[in-house]
Amino acid sequence: MEPRFSSGDVIVRREILDGREWMVYPLRVVADDSHLLAAYLAKGTPIAFGGGEFKWGLHPWVHFDHTWQSDGVLQLQRTGDGYSVWARLKDGELQDWYVNFQEPMRRTGRGFDTLDQELDLVIAADGSAYEWKDVDHFEERVRAGGFGPGEAEAVRRAAAEVVRLIERGERWWEEWRDWRPAAGFLDVPGPVAISAAPTGGAS
């Protein structure tokens with residue numbers, strides 16, 4: 001049985017590349033029904049990056065301050081989905097919905113593992129329009145052979161699925177539109193150290 005977490009638990013989100021931790025940070029669980037995991041990334045949260053050789057190089061965020069700089073983000077991920085939806089807040093209001101295409105989450109005893117797959121989509125807060133982001137980066141990663149067999153096609157399928165949901169008005173994430181963090185969720189979790197040990201499976 002996969003781990004299930006309780007509201008208020010601090011869990012760890014890990015991006016795994018080449019079987020090692022590429023980027024790691026803590027989140028605070030909002031809700032978990034074993035299918036949908038909602039977790040909050042607070043402003044100021046410490047972020048850790050793996051060192052050494054990676055096929056994609058060091059994580060691009062390593063050149064910035066190693067804390068989450070923007071206002072808090074509610075991350076929504078469902079089991080089996082090749083994407084997560086982030087409710088990005090600014091000054092306490094919904095700024096937009098940010099669809100982050102990524103490997104489907106793999107739950108661990110501490111949280112979950114995934115890997116960002118470059119492509120993103122931003123949906124206006126009022127739902128009136130959406131805009132693709134980092135398409136060139138994604139296609140360059142494809143051309144450079146950065147994805148394994150079938151991975152790029154899986155990203156494209158996930159992107160097409162999200163567009164269908166938008167166009168059909170089946171935006172499951174909208175039920176979280178009015179969620180705002182209570183005081184305890186604004187507390188910044190402590191840092192998570194990068195592990196030198198391999199994770200047991202390359203991504």
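Helices (H or I, at least four residues) and strands (E, at least two) are DSSP runs, numbered from the N terminus. The model is predicted, so local features need pLDDT of at least 70 and side-chain atom pairs count only at pLDDT 80 or more, while totals for chains, interfaces and linings use all residues. Residues are numbered from 1 along each chain as its sequence is written, and side-chain values use heavy atoms, with hydrogens and water left out.

The largest pocket holds about 840 Å³ of space. A pocket is an open set of points on a 1 Å grid over the protein atoms alone, where a 1.4 Å probe fits, with protein on both sides within 12 Å along at least five of seven lines; lining residues have an atom within 4 Å of a point. The lining comprises 36 residues, and H59, W61, W68, Y98 and K133 lie nearest the centre of the pocket. At least two lining residues each come from β1 (10–17), β2 (20–32), β6 (83–90), β7 (93–102), β10 (116–124) and α1 (135–143). The largest share, four residues, is supplied by β6.

R78 belongs to strand β5 (residues 73–78). With a relative accessible area of 17%, R78 is buried (under 20%, 1.4 Å probe, protein chains only). Beyond its neighbours within four places in sequence, R78 is in contact (heavy atoms within 4.5 Å) with H35, L36, Y83, M105, E161 and W172.

How values were computed:
Buried < 20%, exposed > 50% of the residue type's maximum accessible area, 1.4 Å probe, protein only. Points joined across faces, edges and corners; volume = space filled by probe spheres on them.
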